[in-house]
Amino acid sequence: MMEKVVKKENSCKDCAVKSSSVFNLNEEEMEILCSNSIEIRFHQGEKIVKEGTFTQNIVFIKSGIFKIHQVGPIKREEILKIDKGPLFVGVSDVFANKTHSYSITALGDTIACFIDYSGYKHLIENNGRFAMEVMRILSTDIVGNYSFFVNKIQKQLNAKLAEALLYFAEYIYGDDVIDIPLTRVELGEYIGTSRESVTKIIQDFTKDHIIEVEGKRIRLLNKDLLHKISQAG
């Protein structure tokens, strides 16, 4: 069950976790942001945003790891992105659609702020620096997604898994020992293959002493080789 977190007065202003765009707001605008938002805690597996529901809020993930995923025309789920807070998510969806085109699910304990669309829209319309920073963040995200999807289509499976392991180690966790927050099926969805293929590549990497596996915990033993495999395509 998700759990509401009681907000303190001026909690947005005093919050230690902020998006870069928020630093462009003055005190009055910060109060608009705060009065139009609520903070909610989610546990692993809970949906933060559900595909097909109305787009009423901008979501700011304060902390935690999450996945963005979508059901395709053959009713199979595809993982579009795995990321972590602090980060705004679903902004483009709110401005473009009446309903969410994808779901966002917590992959661990996650804290999210839901900001009413009308309040956020007011800030976009009345603060150019805030709007420009939001645009910069969205543009960076879009460019990153282009590279991810090209690699997902064109790279060999072992290169895609090597890239995924490095992404978790270097960006998500910042540690060579990672607790993958995905099942083998989900990891297959993430890199565009089956659970069986993921299992075989992990076994091959283990046999070649590139990684060490204990349950969902994976230790990267040879990151240099993983980088070479990833870049070889």
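## Glutamine 56

Glutamine 56 is exposed, with a relative accessible area of 51%. The cut-off for exposed is over 50%, so at 51% glutamine 56 falls in that class. The model is a predicted one. Glutamine 56 sits in the loop that runs between β3 (47-49) and β4 (57-63).

Which residues does glutamine 56 contact, once its neighbours within four places in sequence are set aside? They are Ile115, Asp116 and Tyr117. Histidine 43 is 13 residues from glutamine 56 along the chain. The C-alpha atoms of these two residues are separated by 22 Å.

## The chain as a whole

The protein chain holds nine helices and twelve strands. It has 233 residues, and a compact globule of that length would have a radius of gyration near 17 Å. The value for the protein chain is 19 Å, which agrees. Along the principal axes, the C-alpha atoms fill a box of roughly 60 × 35 × 35 Å.

Of the 233 residues, 41% count as buried. Among contacts with a separation of 6 or more, 71% come from residues 24 or more positions apart. The accessible surface of the protein chain is about 12700 Å². Carbon and sulfur atoms supply 53% of that surface.

## Charges and salt bridges

The protein chain carries 30 positive and 32 negative side chains. The centres of the two sets lie 3 Å apart. How many salt bridges does a search of the whole structure find? The search finds 16.

One of them pairs glutamate 186 with lysine 67, with the closest N and O atoms 2.9 Å apart. Glutamate 186 belongs to helix α7 (residues 184-191) and lysine 67 to strand β5 (residues 65-71), so the pair ties together parts that are 119 residues apart in sequence. Both glutamate 186 and lysine 67 are buried. A network of salt bridges links Lys67, Glu77 and Glu186.

## Two further pairs

Lysine 81 and aspartate 141 also meet through their side chains in a salt bridge, at 2.1 Å from N to O. This pair links distant parts of the chain, 60 residues apart. Lysine 81 is in strand β6 (residues 77-84), and aspartate 141 is in helix α5 (residues 128-154). Are these residues buried or partly exposed? Lysine 81 is buried, with a relative accessible area of 14%. Aspartate 141 counts as partly exposed, at 29%.

Glutamate 212 forms a salt bridge with arginine 219. Their closest N and O atoms are 3.6 Å apart. Glutamate 212 counts as partly exposed at 44% relative accessibility. Arginine 219 counts as partly exposed at 39%.

## Helix α7

Six of the eight residues of α7 are buried, so the helix is largely enclosed by the rest of the structure. The buried residues are Glu186, Leu187, Gly188, Glu189, Tyr190 and Ile191. Glu186 is the residue that bridges to lysine 67.

What covers the buried residues of α7? The cover includes β5, β6, α5, α6 (157-173) and α8 (195-207). Strand β5 holds lysine 67. After α7 comes glycine 192, which has a positive phi near 85°.

## Backbone points to check by eye

Glycine 85 and proline 86 are joined by a cis peptide bond, with omega about 5°. Proline 86 is in the loop between β6 and β7 (87-89).

Lysine 75 and histidine 209 have positive phi values, though neither is glycine. For lysine 75, phi is near 65°. Lysine 75 has its place in the loop between β5 and β6. Lysine 75 is exposed, with a relative accessible area of 71%. For histidine 209, phi is near 60°. Histidine 209 lies in the loop between α8 and β11 (211-214). Histidine 209 is exposed too, with a relative accessible area of 59%.

Technical notes
Residues numbered from 1 in each chain as written. Predicted model: local features only at pLDDT ≥ 70, side-chain atom pairs only at ≥ 80, totals over all residues. Heavy atoms only, no water. Helix = DSSP H or I, 4+ residues; strand = E, 2+ residues; numbered from the N terminus. Rg over C-alpha atoms; globule rule 2.2 N^0.38 Å. Buried < 20%, exposed > 50% of the residue type's maximum accessible area, 1.4 Å probe, protein only. Contact = heavy atoms within 4.5 Å. Areas by Shrake-Rupley, 256 points an atom, 1.4 Å probe, with all protein chains shown as cover. Lys, Arg positive; Asp, Glu negative; His and termini not counted. Charge placed at Lys NZ, Arg CZ, Asp CG, Glu CD. Salt bridge = Lys/Arg side-chain N within 4 Å of Asp/Glu carboxyl O.
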